[in-house]
Amino acid sequence: MRDLSRLLRPRSIAVIGGGAWCENVIREARAFGFKGPIWPVHPTRTTVAGECAVADVSELPDAPDASFVGVNRHATVEIIRSLAARGAGGAVCFASGFLEASEELADGGAVQDALLDAAGDMPIFGPNCYGFINGLDGTALWPDQHGMVQVDRGIAIITQSSNIALNLTMQKRGLPIAYLLTAGNQAQVDLAELGMAALADNRVTALGLHIEGIGDLRRFEALAEAARRLGKPIVALKIGASEQAQTATISHTASLAGSAAGSDALLARLGIRKVTSLSLFLEVLKLLHVTGPLASARIASMSCSGGEASLMADTALSCGVEFPALNASQEGALRKALGPQVSLANPLDYHTYIWGDRAAMAATFSAMMDPSLSIGCVVLDFPRGDRCDASMWDIVIDAIQDATRESGKPITVVSSLPETLPEEIAAELIADGIPPLCGLDDALSAIALAAQPPPSTPGDPVLTPVTMSDMASIMLTEVQAKTALSAHGLGVPKGFNATSSAEAGRTAQSLQPPMVLKGVGFAHKSENGAVALNLHKAKDVSEAADRMPTTEFLLEEMITDGVADLLVGVVSDPAHGFVLTLGAGGTLTELLADTVHLLLPVGPTEIEAAVDGLTVAPLLAGFRGAHPTNRQSIVNAVLAVQDYVIANAAQVLEVEVNPLICTPTRAVAADALIRLRDTQ
């Protein structure tokens, strides 16, 4: 990956262009504390935003470390070529009209290719991006206002959306932002390279990614491994789950959003914490900045209100945290601190008897922090500073600091509303090592995410599909699909083909009843009247065949000892790899929508864990005295499908086994389909 140090931590800056955006870059760089030379470049102006200008890149006094190129797209290409020839450290390409606009501009892709050729080895951000702000060293190549301040250490945020980046700088949650980096089109420097550069700075504690599309999977995997090795967690907000969002993403950044299932599976595989809102994104990063990853989601809650205690308990039900019951040691210490009138529980309502008593509050908070817990939460909403006096709230913070030292456990301040935790107080809490979290839902969800264990070791690289613009495909028949999969070890029913109803009746003599007859060539056999069950005699088979709208049939033994049906499917997702789906199968597939998604390759342990995560897992284990399924046969069936996909990765677009009938002795593919890339 490229060395971005000159660009991100420049000693000199060039700004090419003379419009309002370029003037803003110069003003913002100076306002944010940049002390080095700034060299505007403009063909006719002698000064830009108070700085002396030169007419051409060739006239610059030296090769600039960082350049902001704020001219039209065609001029951008030539300016980038000139900067690269001068040995510049890198550039931000502000202009749009490149690959992201290829549907509107026929030459958008060609102009982007020309830009890459002009840059050569010189790093470029974008095109179609705002640039970056370095809050650690007081550097900004940024054409707009922003809300960042200089910090000594903090988190890094990388986003493909410049406007979202701008909005994030306006947060009032006390979150220290070390780097804010925008990627735009990722034409050359992508999210992974930006992330690696940020993580390499020892002043960065965690990394936040707003992702519209992932370019190079291998580089993204390398980023996740670097974060794991450095002990710096990554939080990601991945957009593109809705059809509308996917359309917007493709048109906006020319990057493929891919399927939501694929992105979720990829992030989970790499140990990246996934969030679904910008608010939670900031809260998780804030918590990780102060405490780092948490050992568990076992927590304690303390508040002086029964209503708040109940809200915490109810909110926890959907957030993935646990409030363990108090043990005898906790109860004894709490009773000593609170007296006989307080009902003891977790979450705890410590009432207002001890309000204003620092020693009693500290003793209460310390008593709650059992060694088995990972973090404590003190629910505390601050009064409005413009109308009220908040001096008594300082005593609570002092007590939290005392309890943190006494227990050795982190304790966070949780406000029930974001508005009731002012920015200046949040910043002071962070400086004191106390995580300030805004809103009960986001606070508890952030704790649950911070407690997610990262992978202990790097996994196998994701199996990547062949990416081609021509996606013409062919569908194998059920017979062909089962034959192909059985060659890799998948169990299939004993059966025979027939090309007439009479032949179907004759083949019935070779199978033990009951039997199932299927018409060949239908994706949805039941809806097309192309399946008949529980056939016992040759006559039954012939008559069933006569009623079907086809002359080609598959007659099979009917599996009668099934305990549960599963779906095993694999889809080629160009953005993320081959997505394996395990779920409830048969008639329950659409009804339950009970699925787990993984990326290939997977091992037996991962398959077992995925199956255990299904709602129908108790059926597989033998629900209410029923026979359990043969779990090893289920694992073997999934591995057989995977083996087929790996052996045919250049062609496979989709494989589905549904249902996989799971019995006490075996797992049998009752139906299967395979869709392949048409290479003809």
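The model is predicted. The chain has 680 residues, of which 56% are buried, and its secondary structure comprises 23 helices and 30 strands. Along the principal axes, the C-alpha atoms occupy a box of roughly 95 × 80 × 40 Å.

**Overall architecture**

- Of the contacts between residues at least 6 apart in sequence, 71% join residues at least 24 apart.
- The accessible surface of the chain amounts to about 28000 Å², and 52% of that area is supplied by carbon and sulfur atoms.
- Gln 509 and Gly 50 are 459 residues apart in sequence, and their C-alpha atoms lie 95 Å apart in space.

**Nonpolar cores**

- The largest nonpolar core holds 103 residues, and the members that touch the most others are Phe 125, Leu 209, Phe 220, Phe 281 and Ile 447.
- Helix α16 (residues 440-450) gives this core its largest share, namely eight residues.
- Another core, of 44 residues, lies apart from the largest one and includes Ala 481, Ala 484, Leu 485 and Cys 662.
- Within the largest core, Phe 220 is one of the members with the most contacts. Beyond its neighbours up to four places away in sequence, Phe 220 touches Ala 192, Leu 209, Ile 211, Ile 214, Leu 266, Leu 267, Leu 270 and Ile 272.

**Cysteines**

- The structure contains zero disulfides.
- Cys 304 takes part in no disulfide, and the nearest cysteine sulfur, belonging to Cys 377, is 15 Å away.
- Cys 304 is partly exposed, at a relative accessible area of 26%. Cys 662, by contrast, is buried, with 0% relative accessibility.

**Salt bridges**

- The whole structure holds 32 salt bridges.
- Arg 203 and Asp 137 pair through their side chains, with an N to O distance of 3.0 Å. Their positions are 66 residues apart: Arg 203 is in the loop between α6 (191-199) and β12 (204-211), and Asp 137 is in the loop between β8 (132-134) and β9 (139-141). Arg 203 is partly exposed at 25% relative accessible area, and Asp 137 is partly exposed at 34%.
- Asp 190 and Arg 219 form a salt bridge whose closest N and O atoms are 3.1 Å apart. This pair links the loop between β11 (177-182) and α6, where Asp 190 lies, to helix α7 (residues 217-230), which contains Arg 219, across 29 residues of sequence. Asp 190 is buried, with a relative accessible area of 8%, whereas Arg 219 is partly exposed at 22%.
- Glu 557 and Arg 666 meet in a salt bridge with an N to O distance of 3.8 Å. Glu 557 is partly exposed at 22% relative accessibility, and Arg 666 is partly exposed at 32%.
- Through shared partners, salt bridges also join Arg 2, Asp 190, Glu 193 and Arg 219 into one network.

- Ser 501 is located in helix α18. At 19% relative accessible area, Ser 501 counts as buried, because the cut-off for burial is under 20%.
- Apart from neighbours within four places in sequence, Ser 501 contacts Ser 542, Ala 545, Asp 546 and Phe 553. Ser 501 and Phe 553 are 52 residues apart along the chain, with 8.1 Å between their C-alpha atoms.
- Gln 509 lies in the loop between α18 (501-507) and β22 (515-519). This residue is exposed, with a relative accessibility of 66%.

**Nonpolar surface patch**

- Leu 588, Leu 591 and Leu 592 make up a nonpolar patch on the surface, and together they have about 270 Å² of accessible area.
- Leu 588 is in the loop between β26 (577-584) and α20 (589-592). Its relative accessibility is 32%, and Leu 588 therefore counts as partly exposed, a class that covers values between 20% and 50%.

Definitions and conventions. Residues numbered from 1 in each chain as written. Predicted model: local features only at pLDDT ≥ 70, side-chain atom pairs only at ≥ 80, totals over all residues. Heavy atoms only, no water. Core = buried A, V, L, I, M, F, W, Y, C linked by side-chain atoms within 4.5 Å. Buried < 20%, exposed > 50% of the residue type's maximum accessible area, 1.4 Å probe, protein only. Helix = DSSP H or I, 4+ residues; strand = E, 2+ residues; numbered from the N terminus. Contact = heavy atoms within 4.5 Å. Disulfide = S-S within 2.5 Å. Patch = residues over 30% accessible without salt bridge, like charges linked within 9 Å, V, L, I, M, F, W, Y side chains within 5 Å. Areas by Shrake-Rupley, 256 points an atom, 1.4 Å probe, with all protein chains shown as cover. Salt bridge = Lys/Arg side-chain N within 4 Å of Asp/Glu carboxyl O.
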